[in-house]
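Please take a moment to look over the sequence and the model below before reading on. The paragraphs that follow go through it one part at a time.

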Protein chains: 2
Amino acid sequence: MTLPSTYADRNCSLARALEIVGERWTLMIIRDAFFGVRRFGDFATQLKIPRAVLTSRLKLLVREGVLTRDDDAAGSVEYRLTAKGVELWPVVRALMGWGDTFYSPSGVKRAERHDRDGGLLDHEGRCQDCGSVVPVPEIRIEPGPGFDPDDFDRDPVSDAINTPRRLLEPITTPHAR
Amino acid sequence: MTLPSTYADRNCSLARALEIVGERWTLMIIRDAFFGVRRFGDFATQLKIPRAVLTSRLKLLVREGVLTRDDDAAGSVEYRLTAKGVELWPVVRALMGWGDTFYSPSGVKRAERHDRDGGLLDHEGRCQDCGSVVPVPEIRIEPGPGFDPDDFDRDPVSDAINTPRRLLEPITTPHAR
DNA sequence: AGTCTTGGTTCACTGACTGAACTGCTGCTG
DNA sequence: CAGCAGCAGTTCAGTCAGTGAACCAAGACT
């Protein structure tokens, strides 16, 4: 047990998982990482999360092997999902699905498609067209019928993640590069 | 929007879902509810959660339609999952699965079986024997190879939920009835 | 040299969580 | 009918975590 335990039940994998991703903001950070956000400042402005909290969450996620932290070509810092982090996609998908079902009457806010053939994915991530379980890097995410194009901030990062894009593909902001 | 928003992104169903189930303890309470816990005191002792926090979480979950609160035959209070609450099982399953994969080297801590035919369920909840997607009330949960029988408290509630049982089936404690 | 960008840290403030004790109601039980 | 037990909370003082704004250091750019 690497962490001081926050939940009593040491014999439950739900408790164990929540010790990593159950804190406030953590899953939102991971969602952004799936959407291609990699820079400290981009997480901070897009999520409007206090920078001190962001620092501590990123440290925890790196320590737990969910993200890697390394310097990119330009000498800047990049946070990226590891394989272990990528395996959190079903968790994000399940929560998004539940939120869509009960809090988005006009339809899903974001749809998943198989980037190869354009087929919609079902709840388990299976392509309706080709029937295969689509690996995360081949998933394209795009605004769905429940998405309100007027209801998000017009910063470059939000613009990028609200445009159809493949998961894990890095966003390109004006200043990057 | 019934709640004061805790996450900035109003256009994301993940943020919306986390406003309900993203607070500390909430998913653990829901897990217990799936395992058949229905009484205030049973949640409190099994989870070792401060009673004030439990009160506020239960209120939120009832207000959001995840749980119902009503008096049982004996005049005591019962909290039960609604249909909306039951649809959180994929979320719990996904988190448990991730926790099992990365924090339980000796195998899953709890296995899911189809109560009708005894078949193991895969990650999407499909029975390996009959191939059908098993509805929650037909799921039997039982200790798996990663479960450590010495590492849980020996109160009646913990004993009950660590014994093979169907989801949603109420636990029976010595004093109840 | 001076300014910009980036990735943080610091700090005072507030709000949430903790744990233990207490309350009030209901239903037995002698 | 008094008294006790079980249950579902409430109260409260202490602590800890999250908030938001300001500040800081290092490297790039002009």
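Leaving aside its neighbours within four places in sequence, which residues is V92(B) in contact with? They are L14(A), L27(B), I30(B), R31(B) and F34(B), where two residues are in contact if their C-beta atoms, placed from the backbone, lie within 7 Å. This is a predicted model, in which local features need pLDDT of at least 70, side-chain atom pairs count only at pLDDT 80 or more, and totals for chains, interfaces and linings use all residues. Residues are numbered from 1 along each chain as its sequence is written, while chains are lettered from A and ligands numbered from 1 in the order in which they are written.

V92(B) also belongs to the largest nonpolar core, which has 83 residues; such a core is a set of buried Ala, Val, Leu, Ile, Met, Phe, Trp, Tyr and Cys residues joined through C-beta atoms within 7 Å. A residue counts as buried if 20 or more other C-beta atoms lie within 10 Å of its own, as exposed if 12 or fewer do, and as partly exposed in between. The members that touch the most others are L14(A), V92(A), L95(A), L14(B), V92(B) and L95(B).

We turn now to the meeting of the chains. The contact takes 38 residues from chain A and 38 residues from chain B. On the side of chain B that touches chain A, helix 1 (13–21), helix 2 (26–34) and helix 6 (89–103) of chain B each supply at least two residues, and helix 6 of chain B gives the most, with 12 residues. Helices (H or I, at least four residues) and strands (E, at least two) are DSSP runs, numbered from the N terminus. Because 100% of the interface residues of chain B are also interface residues in chain A, the copies meet through the same surface.

Within chain B, helix 3 (residues 40–47) has D42(B), F43(B), Q46(B) and L47(B) as its buried residues. They lie on the same side of helix 3 of chain B, because they cover an arc of only 105 degrees around the axis, the arc being that of the directions from the helix axis to the C-beta atoms. These buried residues pack against helix 2, helix 4 (51–63) and helix 7 (156–161) of chain B.

Finally, in strand 3 (residues 110–114) of chain B, 4 of the 5 residues are buried. Strand 3 of chain B runs antiparallel to strand 4 (residues 139–143) of chain B, and 5 bridges join them.

Definitions and conventions: Pairing = 2+ DSSP bridges.
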